[in-house]
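Subject: Structure handover

Hello,

Here is the structure you are taking over. Please open it first, then read my notes below.

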Amino acid sequence: MRMLERMMELPQHWQGLWHRTLLERRGAGSLTNDRPAEVYWLQTPLWHADLRIPDDRPDFSGVTSLDGCNDDQLAFIAGQEGFCGVTRVEGSICTWSRLFDLNPGTALDVARMRFEHEDFIIETGIVEDYTEHWKRVPGSEPAPGLPPADCALIDGIFLQSGDWGVQVNPREGAPDGIDLYCETAARGREHLLWQASLAISLCERTPAGWITRLSTHPWREGQALTVAESETTCV
């Protein structure tokens, strides 16, 4: 915690919910892929959360938990991209240190960021050769004068900016023998159940309360967050 306290908070114009509107890749890499997906990045003064839900998501009708997934559904959930951690900005260089990562790769997540205007960013990869465009979602601008919204949940983290938030429920410690970098074919059901247990959910504040709009666990979508989840103490 003392190390985090020494990190510089990001300026307010960085903060908010950002929707990726373009990806151009000019070389092979593992940091981001060309799989069509809905991609969102929420940035608070220190923390970030990112989730990427592929467009080819299979049908999860009737599924209400990980245990209810068949092997193909479980492999899909574990193979999604989603992460949460702390962000460091030095000049135009942004580094995302992933502390929780659903499907980790091996590349350092660092890029040059150029603001075309306050609600539009062009990201250019440094370790890998790609370009991404990010547009800030209306209503996600942080309210002036409010404290940073990096909040602890009973069993996870809730990051908020404006009327949008991301709920992160981390995995428990890995069972013996788990290797996140082994070949996908070598991952048995126990491995996939553990890997897929990290849940990242995009939530919107409505007059009726916080509602989950998008999630790496599809059965959470459309559900309301409980009081314990949405009314938390910021840290």
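Start with one term: strands, like helices, are runs assigned by DSSP and numbered from the N terminus, and a strand needs at least two residues. Two strands count as a pair if DSSP finds at least two bridges between them. Keep in mind that this is a predicted model.

**Strand S3 and its neighbours**

Begin with S3 and S4. Six bridges link S3 to S4, which covers residues 81–90, and the two strands run antiparallel.

Now look at S2. Seven bridges join S2 to S3, and this pair is antiparallel too. Leu42 has Ala49 of S3 as its bridge partner. The hairpin from S2 to S3 passes through three residues.

Is S3 mostly covered or mostly open? It is mostly covered, with eight of its eight residues buried. Here, buried means under 20% relative accessible area. Side chains in a regular strand alternate between the two faces of the sheet. In S3, Trp47, Ala49, Leu51 and Ile53 point one way. His48, Asp50, Arg52 and Pro54 point the other way. Both sets are buried.

**Salt bridges**

How many salt bridges are there? The count comes to 14.

Arg35 bridges to Asp56, and their closest N and O atoms are 3.1 Å apart. Arg35 sits in the loop between S1 (16–25) and S2 (37–43), while Asp56 sits in the loop between S3 (47–54) and helix H2 (71–79), so this pair ties together parts that are 21 residues apart in sequence. Arg35 is partly exposed, at 32% relative accessible area. Asp56 is also partly exposed, at 48%.

Next comes Glu221 with Arg57. Their closest N and O atoms are 2.9 Å apart. Glu221 is partly exposed, at 25% relative accessibility. Arg57 is partly exposed as well, with a relative accessible area of 26%.

Is Asp101 buried or exposed? Asp101 is buried, because its relative accessibility is 12% and buried means under 20%. Arg98, at 25%, counts as partly exposed. There is a further partner to find.

**A nonpolar patch**

Leu108, Ile126 and Val127 make a nonpolar patch of about 260 Å². Val127 lies in the loop between S7 (120–125) and S8 (130–136). Val127 is partly exposed, with a relative accessible area of 45%.

**Helix H3**

Last, find H3, residues 189–196. Which of its residues are buried? They are His191, Leu192, Trp194, Gln195 and Ala196. What do they pack against? The buried residues of H3 pack against H2.

Best wishes

Key
Residues numbered from 1 in each chain as written. Predicted model: local features only at pLDDT ≥ 70, side-chain atom pairs only at ≥ 80, totals over all residues. Heavy atoms only, no water. Salt bridge = Lys/Arg side-chain N within 4 Å of Asp/Glu carboxyl O. Helix = DSSP H or I, 4+ residues; strand = E, 2+ residues; numbered from the N terminus. Buried < 20%, exposed > 50% of the residue type's maximum accessible area, 1.4 Å probe, protein only. Patch = residues over 30% accessible without salt bridge, like charges linked within 9 Å, V, L, I, M, F, W, Y side chains within 5 Å. Areas by Shrake-Rupley, 256 points an atom, 1.4 Å probe, with all protein chains shown as cover. Contact = heavy atoms within 4.5 Å.
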